[in-house]
Amino acid sequence: MSYPAIFILMGLLIIIFGVLGTAIWAGFSAAPWVPTRKKDLARAFSLLSLSSADVFVDLGSGDGRIVKQAVRSGAGKARGVEISYFFVLLSVTRLSLLLS
């Protein structure tokens, strides 16, 4: 293996272990990720009256589906807080598709 290829491989391994490591650490040290069912999510947001002046914060936002629903329900700003890089990347991807 050539000299630059070793650095590329090491970089990829660091990224993979960083993403997977945070997901594993989050699963053991905090509450495990359990996705909210769509019907429960729709019912919960039907009880809220969000306006453009509201800021919605989801702690432990997982895949971002609750943040996405808050935006769709009329929240002025919606933020998700997550400790797992895997779910952060998933959330950013989902929300960028919503905004495009």
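What does Phe 87 count as, buried or exposed, and at what relative accessibility? Phe 87 counts as buried, at 13% relative accessibility; the cut-offs are under 20% relative accessible area for buried, over 50% for exposed and the range in between for partly exposed, with a 1.4 Å probe and protein chains only.

The model is predicted: local features need pLDDT of at least 70, side-chain atom pairs count only at pLDDT 80 or more, and totals for chains, interfaces and linings use all residues. Residues are numbered from 1 along each chain as its sequence is written, and side-chain values use heavy atoms, with hydrogens and water left out.

**View A. The rings of Phe 45 and Phe 56 form a tilted pair.** The count of aromatic pairs comes to 2, for rings of Phe, Tyr and Trp (its six-membered ring) with centres within 6.5 Å; planes under 30 degrees apart are stacked, over 60 edge-to-face and the rest tilted. Phe 45 and Phe 56 have ring centres 5.5 Å apart and planes at 45°, so this pair is tilted. Phe 45 belongs to helix α2 and Phe 56 to strand β1 (residues 55-59), so the pair ties together parts that are 11 residues apart in sequence. Helices (H or I, at least four residues) and strands (E, at least two) are DSSP runs, numbered from the N terminus. Phe 45 is buried, with a relative accessible area of 8%. Phe 56 is buried too, with a relative accessible area of 16%.

**View B. Phe 86 and Phe 87 form an edge-to-face aromatic pair.** Between these two rings the distance is 5.2 Å centre to centre, and the planes stand at 70°.

**View C. Arg 37 and Asp 40 meet in a salt bridge.** There are 3 salt bridges by count, each a side-chain nitrogen of Lys or Arg within 4 Å of a carboxyl oxygen of Asp or Glu. Between Arg 37 and Asp 40 the N to O distance is 3.0 Å. Arg 37 sits in the loop between α1 (3-29) and α2 (38-46). Arg 37 is exposed, with a relative accessible area of 51%; Asp 40 counts as partly exposed, at 32%. From Arg 37 to Ala 78 the separation is 41 residues in sequence and 19 Å in space, C-alpha to C-alpha. Ala 42 is placed in helix α2 and counts as partly exposed, at 44% relative accessibility.

**View D. Asp 63, Arg 65 and Arg 94 are linked in a network of salt bridges.** The side chain of Asp 63 meets that of Arg 65 at 2.9 Å, N to O. Asp 63 is also joined to Arg 94, with the closest N and O atoms 3.0 Å apart. Asp 63 lies in the loop between β1 and α3 and Arg 94 in helix α4, so this second pair ties together parts that are 31 residues apart in sequence. Asp 63 is buried, with a relative accessible area of 4%. Arg 65 counts as partly exposed, at 23% relative accessibility, and Arg 94 likewise counts as partly exposed, at 31%. Arg 65 and Ala 42 are 23 residues apart in sequence, and their C-alpha atoms are 11 Å apart in space.

**View E. Ser 91 has a polar side-chain atom 3.4 Å from the backbone oxygen of Asp 63.** Ser 91 is a residue of helix α4. Ser 91 is buried, with a relative accessible area of 9%.

**View F. The second largest pocket is lined by 16 residues.** A pocket, on a 1 Å grid over the protein atoms alone, is an open set of points where a 1.4 Å probe fits, with protein on both sides within 12 Å along at least five of seven lines; lining residues have an atom within 4 Å of a point. The volume of this pocket is about 240 Å³, taken as the space filled by probe spheres set on the points, which are joined across faces, edges and corners. Val 67, Ala 78, Gly 80, Ser 91 and Leu 95 are the lining residues that lie nearest the pocket centre. At least two lining residues come from each of α3 (65-72), β2 (77-81) and α4 (85-99). The largest share, 7 residues, is supplied by α4. By class, the lining holds 10 nonpolar, 4 polar and 2 charged residues; Ala, Val, Leu, Ile, Met, Phe, Trp, Tyr, Cys and Pro count as nonpolar, Asp, Glu, Lys and Arg as charged, and the others, Gly among them, as polar.

Technical notes. Polar contact = N/O pair within 3.5 Å; in protein donor to acceptor, adjacent residues only side chain to side chain.
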